[in-house]
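This report looks at how two protein chains meet.

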Amino acid sequence: MQDDTDTARATDSVYDRIERARGALTGPQIAIAVALVAALGFTLLFVQDPMLHDSLHNFRHSAGITCH
Amino acid sequence: MATDYLERGAVAGVAGGLVYGLFVATVGNTFTAGLETFEHSHGGGGPVVSGITTTVASIGGGVLWGLLFGVAAFGMAYFFLEPAIPGSGATKRLALAGAGFLTVSGAPWLVLPPQPPGVEQALGTETRLAWYAGLMALGALVAVLAGLAYRRTERRHTAVRLGAMALPLVLLAVPVALAPANPVHGDVPAALAAAYRWTVVFGQLVLWATIAGVHAWLGDGDTPAVDDLDYPATAD
């Protein structure tokens with residue numbers, strides 16, 4: 001019995017995690033999570049609209065990202 | 001279970017973001033605004049928003065920056081990479097935070113260090129964006145190689161394992177040697193520019209360390225290897 005538990009622990013690998021995510025998550029859930037990350041990154045770094053871009057100017061400099 | 005990870009990552013990210021927002025409010029905003037007085041012409045004809053908007057938006061941006069790292073690194077990457085990341089507990093989190101810092105900031109900054117406002121760079125924005133993206137990819141690669149080196153040296157002395165982990169960092173010298181020269185010109189004194197640069201470095205380090213610390217403090221939740229297995233768990 002102890003062997004079974006050990007095997008289960010030992011085989012917890014990156015591959016298992018991918019399999020587990022595939023089983024537990026639905027397509028839309030993954031899409032929402034990826035979209036959230038992409039939207040945040042895009043808004044903070046790449047939006048060139050002057051209002052938003054200029055108002056985040058100090059933040060970008062403080063984070064070490066320079067655009068000019 | 002994956003959603004637990006996402007939730008813990010987001011909570012840690014917001015906590016780190018709040019600390020980082022405080023850093024932007026107390027240091028980042030004022031330091032940046034102060035250095036802007038060295039700036040003569042901004043090209044685009046000056047900012048279109050008021051100072052107060054910039055202040056508030058930049059603090060908010062700092063909080064969201066933390067949330068972004070929390071969700072992407074500790075909510076998503078950590079779920080998949082947890083079995084492969086060296087160490088346990090807080091060490092594991094700090095290892096991931098170090099990899100995140102190297103990818104997002106550390107590696108790119110070797111070629112394109114943070115610049116204070118009022119400094120013009122010779123390389124165009126497009127060129128710099130391409131280099132930044134490439135260096136992020138290299139930073140991630142170096143972090144993965146370091147993790148693999150640690151695994152491959154199992155059963156060796158800890159010093160050997162740490163040495164093996166440090167070896168892939170040598171790769172970072174390649175882009176530094178190959179990168180085109182990027183001379184800067186501006187009226188900011190060199191010592192002040194260096195102080196600004198290091199302030200930015202420490203700001204990002206504090207952000208990653210805070211996220212890692214809060215994430216470790218939140219704990220592991222359920223034991224990941226044992227729940228939702230396909231076959232019934234064995235009683236022991």
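## Polar contacts and the salt bridge

Eleven residue pairs, both at pLDDT 80 or more, are in polar contact between chain B and chain A. A polar contact is a pair of N or O atoms within 3.5 Å; within protein, one must be able to donate a hydrogen and the other to accept it, and residues adjacent in sequence count only if both atoms are side-chain atoms. The model is predicted: local features need pLDDT of at least 70, side-chain atom pairs count only at pLDDT 80 or more, and totals for chains, interfaces and linings use all residues. Residues are numbered from 1 along each chain as its sequence is written, chains are lettered from A in the order in which they are written, and side-chain values use heavy atoms, without hydrogens and water.

There is one salt bridge between the two chains (a side-chain nitrogen of Lys or Arg within 4 Å of a carboxyl oxygen of Asp or Glu). Glu82(B) and Arg17(A) form this salt bridge, with N to O at 3.0 Å.

## The side of chain B that touches chain A

Contact (heavy atoms within 4.5 Å) links 59 residues of chain B with 40 residues of chain A. On the chain B side, 36 residues are nonpolar, 17 polar and six charged.

Conventions:
Ala, Val, Leu, Ile, Met, Phe, Trp, Tyr, Cys and Pro count as nonpolar, Asp, Glu, Lys and Arg as charged, and the others, Gly among them, as polar.
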